[in-house]
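Colleague: I would like to learn how to read this model feature by feature. Could you take me through it?

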Amino acid sequence: MERMCRLIQAMTMLVVFLLVSPVCIWAQVYQKGIVLLQNSGKQPLTQVTVLVSGAVPTTSDSQGEFTLHFSTRKEGEAVRTLDVSKTGYELVNSKEISLWNISSSRPFTIVMCPKGALAESRRRYYRLGEDRYRVLYQKKLKELEAAVESNAQMEAEYHRKLEEANRQLQQAMERLGEFCDRFARINRDMLGELDQRALELLDKGDVEGAIQVYEDAQLLQNFRDKTQLRNSLRKERNFVREKIEEEIGLLEKEGSPSSLQRRDSLRNVLEQY
Amino acid sequence: MNIRFWGIVCIGFFFSLVSVAQVNQRGKVTLQNSGGQPLSGVQILASGAVPAISDVQGTFSLRFNKSRAGEMLLLDSVYKKGYELVNERALQQWSVSSSRQLPIVMCPEGTLVAAQEKYYEIGKSHNMKRYANACRELDKQLAAKCITQDEYNKQLDQVSGEFQRTMEKLEAYAYNMACYNRDDLNQMSIQALSLVEAGQVGQALSLYASQQLAEHYRGLGGKEELTVREQEAMLASMRLNADICLFAGGDENIHRADEIYQAIALSDTTNASYALEYATFLSDHLVDMGRCVEWLHCALRHSTNGLQRAEIYSGLAMATTYMDRLDETADYLKRSDAYYQKLLGDSIYREDAYFNMSYVTYLINEGRYWGKMRNDKAVDRLSLGINYANKAIAIQPQKYAYHYAFYLMDFAMHFQDLMIRYNIRTNEMRQTTLDICNIGLSCLKLVDEKERLKAAVIESGFYLTMSTVNLNCSNLGQAILYNDSCQATVERFMHLNPVLFTPIKIKSMAMYGSVLLSQNKFREAFTHLNSVYGQMRELPYVRKALGQILSQMSQCVMTFDLEKDIDQMLAVTHESLDFVYQYPDVLLGRQEMEVQYAYLHVRAYGKKELPNYEQALLRMIDFVLSNDIRGEWFTYEHMRLLVAGVFDLYNKKQVTTLENKRKVLIGMYKLIERYSQLKDSASYKLLMQKIWNECAD
């Protein structure tokens, strides 16, 4: 009987060994993902080829989903994307994709749009920005000139302000392309209600209106209030922490087993939070 | 979170901001358990700070010249006769800050020891009582046979052991109790402390227990986490809001974007990524390097990632170079390089395109620093940078095509600067610059359509640089060819963004003027330049090109007929000199020299009185001495005219002060060493005679 037990034990070990070892050698990481069409109400896109270094090339299925099998990579490592393609379409969220890290719990999202849509949308924003800057600049020049004529400011002051206005215009025009690209790549489906409303107005050319949306929602003020709340919570917590430390000191001084036990549980609380 | 941060890249800033790095740590000395009474006359010594003494209000200020906010405070001594320091433990964990007040608590000498003894006695008697009770209890149990002798012995050992351990530490506990400052404590703690003093430790403990501190603490922690999550959810909208504001332009919108990024950074000052984001915004959008440096320091304090730290130090180096705080730059560069060297040892980093580009950013920052120091180490570092840029683009061609070209443009400009402005390794630089431009041009073909405007700006820049370089080695045909390419590119994109392309167009037109000049077609050049000048003098954002054209026009008019064209000559040279004085440092030294030379020339031959004559002469001598070290830039004719001008000035007794006379004398002696032919000229001999006579007086 005893011998029998030993044998069974040995066999289990063998089985366990057999089960475990292949997993060790070919430890695979799976990364799930989905391809969506931009501004479509989250419609999936099929037949998109995803080429990533270190993984078997794959294409998205009818639900737009795909799975990447990494054989030599580990969870949390950065992923280098070589190509995401489908004829007639182009990649939208290239920046996010460049920040991918392998994660078995969080799927990758790829956003694509019909070829040319990005360029068209960029052009629209570009015209919008350019017209606006021209108007702003001219307004500013008029203001400055009016101020000089009414002798409200010195010649030198005028030149300084003019210089500043020029720098701003130059800089705004230099950055315009970048902003247009950023706006063109936003996927409306992923935005909150506030951002959607702001972008809708922006698309119509109502730049001031878009900014006003955020003003009306008091986004900045809300955020600041939260910071304040957070700081006051932290301050109060530090205060309570001090009190707990006082209590710990007293408990130590008291020294009875129940006191020491309570001391340890208090220390635990301090460490956890 | 976001380590993929693009270093900080900026080129072509013309503004200067200066702020001094200095931290003031304010503080206050109070007397323990006195109701917050201030204590004056306390001497405070901290390493790195000027010693301070507390005033009548107990306040003092430690001024650190080298320490930065956030560093540990090292207190060497806190002293007042008859007093001792109470809160030493708290002060050991203090980090230097310009906003938080340093609280120092003192008490009359001997108070602490007395209090410690008092608490020791209380603790001792309390614990002895407890021990005696425990022993009595055990005895009782043994007597009633509730426990066996074995169990009794074991429990007695345990109780004794605990008693002993508490008694051992009692001294330290008692000292801690003695150091509490009642003025800092709330009602509950004061009450508890009084109970302890009365020997009722148990009651003090139940007072604490009744407050349910742990539950409260957990609750607060939970609420805080919830707020943090809510704020994180708002971040995307905040950033979009800031983007729209920047897109909209105008002062108040830019200010709003500033507020938004600042609010994000302030929401958690221990988050390095937030601080970094704000610092990048400050440098890229507001060109506010002073504040940028502050936030970079903030990011540095909380950044643990090696690459991120390397990039922060690199950014600090860039910002301090820009502000001319070069001592600091050297230090930052050293630190940044140390991090990069460590990372370069790791093959994962070596083979990563982003990392390579990040290192290139660093090398450009270092090159910029050496350039400012006029050290030819700049060439080596920048050349090394090209190697790493090559590597990055080999790994990911499309992604980095634009950045690569952008950097190459930066390199080409640096090399051109080194060659023309600083005269460093001229021949080597010439060829390298041309090579770089060719590589850059072929690389631009890979650039994505969304960056085509930016790419076009760089493309025209490359052509212009190649044209300049060729002109500098008298390769006229090539210079014209490249200049034409530049103009073609500009024409193609002009309608899309005139603000961006007009300055380039004008530079290119000025370049054409230079070509004509080098062929000695002065009349033709003047007509061309004058028409360009007429077109652009109303345009606001082309100052540098404007100066360039004025300098070339000055060169042209010098060749004109002094009888017929004198009015035009006077007008042009006068306007040019005014420009030079009004906007110093816009023009290259060489161009500035041409303007002054033309001014003198017209003055000397036109026999006209002009203002600023003495000033122009002195500046010119000074300039020739400090720049044209090998006597290569200026001809004998230039120098002869200079001498004649000075002589003329002396004749009319217009060199007013003795100091200026000395300057001229010393200058002339040095000039002779470089332009030895001058010795034989008649005006030189006369001049020297004259100066000697006058200085002898």
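**Confidence and conventions**

Modeller: Chain A averages 80, with 89% of the residues scoring at least 70. This is a predicted model, where local features need pLDDT of at least 70 and side-chain atom pairs count only at pLDDT 80 or more, while totals for chains, interfaces and linings use all residues. Residues are numbered from 1 along each chain as its sequence is written, chains are lettered from A and ligands numbered from 1 in the order in which they are written, and side-chain values use heavy atoms, with hydrogens and water left out.

Colleague: Which scores does the model as a whole have?

Modeller: The model has an ipTM of 0.70 and a pTM of 0.64.

Colleague: How should I treat the low-scoring stretches?

Modeller: Where pLDDT is low, the predicted coordinates should not be read in detail. In chain A, pLDDT stays under 50 over residues 1-26, and the model has one contact (heavy atoms within 4.5 Å) beyond four places in sequence for that stretch. In chain B, residues 1-21 also have pLDDT under 50, and for them the model has 59 contacts beyond four places in sequence.

**Strands**

Colleague: Next, how do I read a sheet?

Modeller: Strands of a sheet pair through backbone hydrogen bonds, either parallel or antiparallel. Strands (E, at least two residues) and helices (H or I, at least four) are DSSP runs, numbered from the N terminus, and two strands pair if DSSP finds at least two bridges between them. In chain A, an open sheet of three strands has the order β3-β2-β5, with antiparallel pairing. Its edge strands are β3 (58-59) and β5 (81-85), each pairing on one side only. Two bridges link β2 (residues 49-52) of chain A to β3(A), and A:T49 has A:T59 as its bridge partner there.

Colleague: What is the strand order of the open sheet in chain B?

Modeller: The order is β3-β2-β5, again three strands with antiparallel pairing. Here β3 (52-53) and β5 (75-79) of chain B stand at the edges with a single partner strand each, so one side of each has no neighbour in the sheet. Strand β2 (residues 43-46) of chain B is joined to β3(B) by two bridges, and B:Q43 is partnered with B:I53.

Colleague: Which strands does β1 of chain A join, and in what direction do they run?

Modeller: Six bridges join β1 (residues 29-37) of chain A to β4 (residues 65-70) of chain A, and these two run antiparallel. Five bridges join β1(A) to β7 (residues 108-114) of chain A, this time parallel. For examples, A:Y30 has A:H69 as its bridge partner in β4(A), and A:I34 stands opposite A:T109 in β7(A).

**The interface**

Colleague: How do I put a size on the contact between chains?

Modeller: The size of an interface is often given as the accessible area lost when the parts come together. Between chain B and chain A, the buried area (the accessible area, with a 1.4 Å probe, that two parts lose on being put together, summed over both) is about 7,700 Å², and carbon and sulfur atoms give 61% of that. B:Y217, B:E224 and B:F247 supply 12% of the area that chain B buries against chain A, more than any other three residues. In contact terms, 85 residues of chain B meet 80 residues of chain A.

Colleague: How many residues line the second largest pocket?

Modeller: There are 47, with A:N238, A:E242, A:E245, B:A90 and B:Q93 nearest its centre. The second largest pocket has a volume of about 2,100 Å³, and α7(A) gives the most to its lining, with 13 residues.

Conventions. 1 Å grid on protein atoms, 1.4 Å probe; cavity = no way out; pocket = protein on both sides within 12 Å on 5 of 7 lines; lining within 4 Å. Points joined across faces, edges and corners; volume = space filled by probe spheres on them. pLDDT = per-residue confidence, 0-100.
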